Amino acid sequence: MIKIAGLYKSFGTTPVLRGVDLDVRRGETMVVIGQSGSGKSVLIKHLIGLLRPDRGEIYVDGTAISRLRGEALQKVTRKFGLLFQGAALFDSLTVGQNVRFGLERYTTLSREEMDAVVADCLAKVGLRGVERLMPHELSGGMRKRVGLARAIAYSPEVMLYDEPSTGIDPIRADAINDLINVMKTDLKVTSIVITHDMVSSYKVADRIAMLHEGRIIQIGTPREIQASRNPVVQQFIRGEAEGPIKIF
Amino acid sequence: MRAPFVLQTAIRLFEELGEVGLLAARTFQSIFRRRWERGMLVRQLEEIGVRSLPVVALTAAFGGLVFGLQTYIGFNRYIGPGSEGYAGPIISLGLSKELIPILVGVMVSGRVGSAMAAQIGTMKITEQIDALHSLGADPVRYLVAPRMIAGVSMVPCLTLLGDVIGMAAGYLYIVVLMGVNGQIYVQNVMLYLELWDVATGLIKAAVFGGVITLIGCWQGLKTRGGAEGVGRATTRTVVIASISILLLNFFLSKALPASLTLK
Ligand SMILES: Nc1ncnc2c1ncn2[C@@H]1O[C@H](COP(=O)(O)OP(=O)(O)OP(=O)(O)O)[C@@H](O)[C@H]1O
Ligand SMILES: [Mg+2]
């Protein structure tokens with residue numbers, strides 16, 4: 001479904017991605033883990049053309065997307081729903097208008113149908129009756145959930161979650177894990193989940209990939225990752241300050 | 001060391017001109033080719049037009065007053081007492097062709113151009129521009145095009161209103177305050193002021209409206225680096241837009257024919 005091949009990206013003189021190879025199969029949930037600043041957000045921004053690779057290519061359903069523009073690119077972005085790390089709600093629009101935004105551009109539903117979808121998606125993320133509020137009237141966690149409702153509203157084939165549980169209380173975070181799993185089983189949605197949270201990784205992942213120093217250093221099922229012999233992977237999944245990754 | 005620096009500056013200048021040109025091209029393309037974003041357009045018409053009314057009315061009124069004041073002195077001193085009634089056409093001409101379009105242009109740069117840069121810049125650094133992309137909305141079409149339509153249409157409207165207020169203020173100063181014969185004043189204005197004079201001012205205003213919008217949106221879209229970056233984009237917009245208006249004004253004055261009546 002998605003194939004990332006030899007992706008290089010640097011900002012100025014700082015290389016961030018240095019040859020990332022990753023295949024995501026249709027219908028699977030791929031969790032990407034890695035240190036803060038390792039380039040996880042940069043990686044998923046390449047998938048919908050927000051960033052262009054310096055080298056390498058990204059294939060979505062066999063189409064190379066790194067040079068697409070305009071309507072051709074829009075056809076690809078239509079397949080993706082992206083939950084931004086910082087929610088990225090439109091602050092001049094109400095919550096309801098935010099969630100409708102993709103519906104208005106990607107679908108031909110009637111007004112009433114859109115209202116129903118909006119209410120339904122907000123309910124899925126545990127929010128009710130907030131349509132008329134402005135984003136600045138919400139808490140950080142609520143904003144994140146509205147961002148999620150906005151991303152799933154137009155039923156994308158692929159969901160990209162940038163740290164879905166960060167900033168959300170543990171109970172609601174687990175509800176989001178369930179939502180990710182339900183979307184997989186019921187709607188056959190392919191997902192890429194970026195997270196630091198190993199518990200939720202194990203809960204949602206079919207496979208886990210670890211991004212380190214610009215490359216995917218290991219990829220496998222949760223079981224394989226847990227049994228990894230790679231000390232970097234072990235340090236990360238156990239959350240230890242001591243180890244091959246030096247933070248100071 | 002000197003030559004490379006000059007060269008670098010020149011290269012940067014051309015790069016930036018290129019960026020602005022490209023943005024302009026994409027904006028006009030989306031205005032003429034695609035469906036308009038109605039809601040955004042209405043909002044911008046209100047933001048640029050209606051909300052600028054008080055500022056424009058106030059500056060135009062005082063512009064007209066002070067122009068009346070100095071013209072009165074000029075006529076009184078150089079042509080002689082009693083000639084002040086002939087100040088009318090000069091005041092009206094000066095206001096409608098130069099002073100009001102510039103005043104409105106500069107006020108709108110400060111009020112609206114800066115707001116565009118700040119708003120779009122904030123959207124940029126909080127990834128809302130990226131979110132627009134991901135939800136199938138082209139930022140140029142969604143953000144820039146409505147502002148462009150509003151800018152090009154509302155700045156001339158504001159200027160026309162400013163013309164009326166400015167001329168009334170000039171009349172107020174010369175006729176009401178200084179006691180000059182109002183009939184002579186108005187007669188002279190009617191005789192010498194051409195519709196084309198007012199039109200020239202409006203044409204310039206439309207150009208200024210476009211330039212302000214373009215610079216505000218361009219600076220907003222290229223904002224980077226947090227709140228500080230937004231601040232920088234805002235100030236830059238006001239400075240670049242104001243300077244561009246003053247420079248362009250001269251060249252437009254030179255290029256537009258002084259009168260349309262063929263002799
Ligand atoms: N637009 C940009 N311009 C310059 N540098 C950038 C840009 N975006 C990201 N970077 C750099 O790329 C690196 C990776 O950033 P990224 O946001 O992908 O990290 P991340 O893995 O998502 O971290 P976190 O888990 O904290 O979100 C960082 O060092 C960052 O400074
Ligand atoms: Mg990130």
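Colleague: Which side chain does B:Glu98 meet in a salt bridge?
Modeller: The partner of B:Glu98 is B:Lys204, at 3.0 Å, N to O. A salt bridge means a side-chain nitrogen of Lys or Arg within 4 Å of a carboxyl oxygen of Asp or Glu.

Colleague: Where do B:Glu98 and B:Lys204 lie?
Modeller: B:Glu98 is in helix H4 of chain B and B:Lys204 is in helix H8 (residues 195-221) of chain B, so the pair ties together parts 106 residues apart in sequence. Helices (H or I, at least four residues) and strands (E, at least two) are DSSP runs, numbered from the N terminus.

Colleague: Is B:Lys204 buried or exposed?
Modeller: B:Lys204 is buried, with a relative accessible area of 1%. B:Glu98 is partly exposed, at 29%. The cut-offs are under 20% for buried, over 50% for exposed, and partly exposed in between (1.4 Å probe, protein chains only).

Colleague: What should I know about the model?
Modeller: It is a predicted model: local features need pLDDT of at least 70, side-chain atom pairs count only at pLDDT 80 or more, and totals for chains, interfaces and linings use all residues, while side-chain values use heavy atoms, with hydrogens and water left out. Residues are numbered from 1 along each chain as its sequence is written, and chains are lettered from A and ligands numbered from 1 in the order in which they are written.

Colleague: How many salt bridges are there over all chains?
Modeller: The search finds 27. One of them joins A:Lys184 to A:Asp206, with the closest N and O atoms 3.0 Å apart. A:Lys184 sits in helix H6 (residues 170-187) of chain A, and A:Asp206 in the loop between helix H7 (198-204) and strand E9 (207-212), 22 residues apart. A:Lys184 counts as buried at 18%, and A:Asp206 as partly exposed at 29%.

Colleague: New topic. How many salt bridges cross the interface of chain B and chain A?
Modeller: The rule finds 3. A:Lys45 forms a salt bridge with B:Glu127, the closest N and O atoms being 2.5 Å apart.

Colleague: Which helices of chain B each supply at least two residues of the side that touches chain A?
Modeller: Helix H4 (87-125) and H5 of chain B do. H5(B) gives the most, with 6 residues.

Colleague: How many residues of chain B are in contact with chain A?
Modeller: 17 residues of chain B are in contact with 21 of chain A. Contact means heavy atoms within 4.5 Å.

Colleague: Why is helix H3 of chain A largely enclosed?
Modeller: In H3 (residues 95-106), 9 of the 12 residues are buried, so the rest of the structure largely encloses that helix. Among the buried ones are A:Val99, A:Phe101 and A:Leu103.
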